[in-house]
Amino acid sequence: MYDIKPLEEQWLRYRAKKRKPWYIFFGTFMGILLVISFLFRSNSINMNIIENAFTRIKTLVDANTHLTKKYNNNFTLLNGSIEKLDTLESSTSELMKSKLNSDTNATSGDVLVDIPILDEDGENIVNRDSSVHKRKVHLDISETTSSSAYKDVEKRFYQSGDIVDALFLAKSYYKRGDYNKAEQWAFEANQIDDTLEESFLIFVKSKLKLGQKNEATSILNQYLKHVNSKDARDLLEKIKN
Amino acid sequence: MKSRYSVAKNVFIDSIDIDDYIELESSVDAYQKLQQGMDKPLKMILLFGMPGTGKSILLNRTQETLKHQKEIYYFDTPAPTEKEFFQKLFKIITEKKLPQNTEVNFSALIDFCKKLRDKREIIILLDEAQMYSTGIMEKIRLLSDTRSIKFVISLHKTEDEDLIAKDHFKSRIWEVIELKNVTNEEQSIYVHKKLLKKNLFEIANSINAKNMKLIYKFTHGNYRECNKLMFTIFEICEYYDKNEPSVIQYSSIPQKIIEMAALKLGYINV
């Protein structure tokens, strides 16, 4: 009879030897898998970081450009009535041109303008009354008639959720006579900041243009109960008259 | 109590006993070829193959089967000396015992054989012929030329033995039968038939196809190696059956035991 214990030990060593290539293969495979998954993961993280950073930088640059232009030009938006806005559209354009010509800080060929759709008239371009409780956002966005440009701004808004973009779209669509979209974007802007009177007034004016006079009046009345706004009061007066 | 494996291991003790002969397709084919060769007017028949391919048992079986029909003799092991070989041969041919302290006169023996032509047909089965000296082989050749004695020469298949065949018997060998290692299927039949022959049904059933595949991998279908491995497997099984029965699965032979036996016999190394 064999001495079975040494034979068993020999067999255990044999089994370990036999499995060694499999262990090596499995280990290598798992290693490769881990490296691949790690690389894939870090790539996706990097891409996300880059995308987020890019969006933030873009927003900051937009906001910064906007503020710089605002203070350099000393150029403010004025709220006005719908009727005057319509009649003064041509004069406003002229005014914009004259203002832009006088802008010594303009460095690029791009014409950056404010959109004076809420201006009452050219003479009323004055500094805002500090006693009025309202907030206005000033836009520096290249004026364009290209629909693709509006789509770009919309796309940018959906990525960044920037109120500046929403307000720009609301004003631009109102100016173009697309009151449905103007109402929609004014609503979007108010969703982000419900104290922003400018977008609120565009919302009400769009409703008026769409023939929803009673609704517009009701909204304005409600608003005036909470906010002492001259522009809102003036607009209500104009609607009543 | 005697383990069931004690009987099983003894089944695989290597022998050329006719009782241990297992008829397989390949062995039947070789046997028929040999029988047909012996019926032909041939001087010599060469039976060759690797060790353990069943040459000896085939010769033994042939002799046992035909001994009542033909004058057939089986030289299982070569005689130690030339003198003893020819004394043995002399006794067969002349049917007389050579007196003590005398030597065979080979020329006289040749003459005697020539006279036997067409009267007797003697068949000599020479196993392990590679062990005979060149001198003996030369005399065998001369005896075969008398056509009264037919030799069946069994050789191991190696380069040297091929040379023997070429040099001494090239012109005289009319029939060559080569025995080869068997296939996995035939080896499986061989193992099962061996066990069933001894009524070891349960153990035969416990050796499954996977076991046989592994056994074949180690033995390459060689009968002798197979016998050795099976013997060792059952010996290890016997140990476990007596000392650690939990290791043994009666439904199949554990791979571990087959590999242990292979390690023991040096088929595999650590």
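## Exercises on a two-chain predicted model

In chain B, the axes of helices α11(B) and α12(B) lie 9 Å apart, and the two helices pack at an angle of about 120°. This is a predicted model, in which local features need pLDDT of at least 70 and side-chain atom pairs count only at pLDDT 80 or more, while totals for chains, interfaces and linings use all residues. Residues are numbered from 1 along each chain as its sequence is written, and chains are lettered from A and ligands numbered from 1 in the order in which they are written.

**Exercise 1.** Describe how α11(B) and α12(B) pack.

*Solution.* 
- Step 1. Two packed helices are described by the angle between their axes and the distance between the axes. Axes are lines fitted to C-alpha atoms, for helices over the stretch in contact, and angles run from 0 to 180 degrees between N-to-C directions.
- Step 2. Angles under 35 degrees count as roughly parallel, over 145 as roughly antiparallel, 65 to 115 as roughly perpendicular and the rest as oblique. The angle is about 120°, so α11(B) and α12(B) are oblique to each other.
- Step 3. Residues are in contact if their C-beta atoms, placed from the backbone, lie within 7 Å. On α11(B) the contact includes L229(B), I233(B) and I236(B), and on α12(B) it includes I258(B), A261(B) and L265(B).
- Step 4. This contact divides into 10 nonpolar residues, one polar and two charged (Ala, Val, Leu, Ile, Met, Phe, Trp, Tyr, Cys and Pro count as nonpolar, Asp, Glu, Lys and Arg as charged, and the others, Gly among them, as polar).

**Exercise 2.** Which elements give two or more residues to the side of chain B that touches chain A?

*Solution.* 
- Step 1. Chain B brings 10 residues to the contact and chain A brings nine.
- Step 2. The elements of chain B with two or more residues there are α11 (223-243) and α12 (255-265) (helices are DSSP runs of H or I with at least four residues, strands runs of E with at least two, numbered from the N terminus).
- Step 3. The largest share, five residues, comes from α12(B).
- Step 4. By type, this side of chain B has six nonpolar residues, no polar ones and four charged ones.
- Step 5. For the complex, the predictor gives an ipTM of 0.77 and a pTM of 0.57.

**Exercise 3.** Is A129(B) buried or exposed?

*Solution.* 
- Step 1. A129(B) sits in the loop between β3 (122-126) and α6 (134-145) of chain B.
- Step 2. A residue is buried if 20 or more other C-beta atoms lie within 10 Å of its own, exposed if 12 or fewer, and partly exposed in between, with C-beta atoms placed from the backbone.
- Step 3. A129(B) has 27 other C-beta atoms within 10 Å, so A129(B) is buried.
- Step 4. Leaving aside neighbours within four places in sequence, A129(B) touches I153(B), S154(B) and L155(B).

Conventions: Two residues are in contact if their C-beta atoms, placed from the backbone, lie within 7 Å.
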